[in-house]
Amino acid sequence: AALILVLGMTGLSLHFADPALPLIGFELAVRIHNACGITLAITYLVFLIANAVSGNVRHFFPRGPGLFAALWTQLRWYAWGTFRGDPHPHTPTPESPFNALQAVTYAGVMYGLLPVLIVSGCVYLYPELAPTRLFGFDGLLPIALVHYLGAMLLLLFLLTHIYLGTTGHSIGQMFRAMISGWHTH
């Protein structure tokens, strides 16, 4: 999460660079962004290997009958059930740590969005990898759009966790669970 936040700040500094009013100086932002991007790519590879070896990957892909009902139940709870004081529809267990909506979202982010961001970031880091033309445009333009939109989705994912952190029995309970990985009942 810290890498994503730093990448977001430096990415915004690079994208909306204004020498008169920089959030972070352009040259420094480039160095920090590149270093954090490489660190994220390496960390992501460790994540992929660890999840494959441990079998933890199964928690990211819910299936079976009732999946859509479970998704709808969870979405309703996040949207208004939590405000009415309804009980949480999913109790995390070691066998089922994520509710259906979390699992689908995490699968999309970890196995869809992050690879797109890492690959498009690598093309920026090594622009000679970019095609000369792509979809009738200069090769880097579509890659830039994909990278920027993916980054905005990832930042939205992080911001959503701020809201989700407030849905516990106390204001800090879910934040502690997000950081530690341990849910307390």
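# Aromatic rings and nonpolar core

Y44 is buried, with 9% relative accessible area (buried means under 20%, exposed over 50% and partly exposed in between, with a 1.4 Å probe and protein chains only). The model is predicted: local features need pLDDT of at least 70 and side-chain atom pairs pLDDT 80 or more, whereas totals for chains, interfaces and linings use all residues. Residues are numbered from 1 along each chain as its sequence is written, and side-chain values use heavy atoms, leaving out hydrogens and water.

**Exercise 1.** Find how many aromatic pairs there are, and classify the pair of Y44 and F47.

*Solution.* Step 1: apply the pair rule, in which ring centres of Phe, Tyr and Trp (its six-membered ring) lie within 6.5 Å, with planes under 30 degrees apart counted as stacked, over 60 as edge-to-face and the rest as tilted. The count is 11 aromatic pairs. Step 2: Y44 and F47 have centres 6.0 Å apart and planes at 25°, so the pair is stacked. Step 4: check the cover of F47, which is partly exposed at 21% relative accessibility.

**Exercise 2.** Is the pair of Y106 and F157 stacked or edge-to-face, and which helices does the pair tie together?

*Solution.* Step 1: the centres of Y106 and F157 are 5.8 Å apart and the planes make an angle of 85°, giving an edge-to-face pair. Step 2: Y106 is in helix α4 (residues 100-125) and F157 in helix α5 (residues 140-164), so the pair ties together parts 51 residues apart in sequence. Step 3: Y106 is buried at 16% relative accessibility, and F157 is buried at 17%.

**Exercise 3.** Which members of the largest nonpolar core touch the most other members, and where do its residues come from?

*Solution.* Step 1: a core is a set of buried Ala, Val, Leu, Ile, Met, Phe, Trp, Tyr and Cys residues joined through side-chain atoms within 4.5 Å. Step 2: the largest has 19 residues, and I4, M110, L114, L154 and F157 touch the most other members. Step 3: α1 (2-15), α2, α4 and α5 each give two or more residues to this core. Helix α4 supplies its largest share, eight residues. Step 4: look at M110, which touches Y44, F47, F60 and P115, leaving aside residues up to four places away in sequence (contact means heavy atoms within 4.5 Å).

Terms used
Helices (H or I, at least four residues) and strands (E, at least two) are DSSP runs, numbered from the N terminus.
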